[in-house]
Amino acid sequence: MAAMNHLPFIVGSYTAAFVVVAGLIGWVTLDFRAQRRALADLERRGLTRRSAAAHPGPPMTEAKA
Amino acid sequence: MTLSELANPSRFLSVANRAIPWLGGVTAIAFAFGLNLAMGAPDDYQQGATVKIMFLHVPSAWLGMLGWGVMTVAALGTLVWRHPLADVAAKASAPIGAAFTLLCLVTGSLWGRPEWGTYWVWDARLTSELILFLLYLGVIALWRTVEDPSRAARAAAILTLVGAVDLPIIKFSVDWWNTLHQSASVFRMGGPTIYPTILIPLLVMTLAFTLLFVTLHVAAMRNEILRRRVRTLRMMQASAVS
């Protein structure tokens, strides 16, 4: 009976943990995509860092996620 | 590979791109294992079923402190050694540490209502944990307020070192003051006071959360390095136009 009374608090805690963890994973994933897109856009316009120009690697559009 | 080689942002990006999928996979396996153990753990003789909240609350509290600990080491790296990745590590750690500190406060409140009869008391442990959360918000605001990353890094590093005083206060608050919060029951002289059927799931969940923190931190550091490259290129573009 006590377990049933406490169920909303347990479910609430696990829901909060899910929301926080999913939020953090979503934040780093979306931020990575946004930065990669911005870099690819700048590279398309011919802007590269001096070190990258000296040692060309794969463009950001091909970089592995 | 030495630490100084990893200090090169390009080298770090290369290592991070390879490590993140593996770290994510190991984290997922650890969580599957830990949650399975946590759901199968027996009820505590005093707390009843609410002991299951501890499998989230304790790791969150640990990560909240770990996040500030990482920032403290990074702050020394920024101010003393001027390590190129130190302020990147500090900036990446702050939102993750803040999120877990908030989760610690929320799960603590949800545990406190059925066990203590209240969501909140101005107890030394709870108050020092709330101060840690406010410190996180302060340092995040500082990073966002100062536009130049190197100036922001120095200011944030000083605030981080000052805020580090809160870490031993959180840890020892239950010993120094008469608190409603229970005293240490895992990391204490004389060993844990928790029965293995609850201690083992707790330790596995703590390991899973720690792996999650490492994965998120490496990913956030990679994002921060890319953000700085974008900023540099945009400044080059702006100076070329003007």
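**Contact between chains A and B, and the fold of chain B**

In the predicted model, the contact between the two chains draws 31 residues from chain B and 24 residues from chain A. On chain B, the side that touches chain A receives at least two residues from each of α3 (51–81), α4 (86–116) and α8 (196–241). The largest contribution comes from α8(B), which gives 14 residues to this side. Sorted by class, the side of chain B that touches chain A comprises 18 nonpolar, seven polar and six charged residues.

Chain B contains eight helices and zero strands, and its pattern along the sequence is accordingly written α-α-α-α-α-α-α-α. Along the principal axes, the C-alpha atoms of chain B occupy a box of roughly 70 × 35 × 30 Å. Of the 242 residues in chain B, 40% are buried. Among contacts in chain B with a separation of 6 or more, 76% are between residues 24 or more positions apart.

Helix α2 of chain B covers residues 9–40. Burial in α2(B) involves B:P9, B:F12, B:T27, B:G34 and B:A38.

Two loop residues of chain B were examined individually. B:R82 belongs to the loop between α3 and α4. The phi angle of B:R82 is near 50 degrees, a positive value in a residue other than glycine. B:R82 counts as exposed because it has 12 C-beta neighbours inside 10 Å, and the exposed class extends to 12 or fewer such neighbours.

The second residue, B:D123, lies in the loop between α4 and α5 (124–145) of chain B. With 18 other C-beta atoms within 10 Å, B:D123 is partly exposed, since a residue is buried if 20 or more are present and exposed if 12 or fewer are. When residues up to four places away in sequence are not counted, B:D123 touches B:T179, B:L180 and B:H181. For the pair B:D123 and B:H181, the C-alpha to C-alpha distance is 7.2 Å, at a sequence separation of 58 residues.

Note on methods. Residues numbered from 1 in each chain as written. Chains lettered and ligands numbered in written order. Predicted model: local features only at pLDDT ≥ 70, side-chain atom pairs only at ≥ 80, totals over all residues. Contact = placed C-beta atoms within 7 Å. Helix = DSSP H or I, 4+ residues; strand = E, 2+ residues; numbered from the N terminus. Nonpolar A, V, L, I, M, F, W, Y, C, P; charged D, E, K, R; others polar. Expected span 1.5 Å × (residues − 1).
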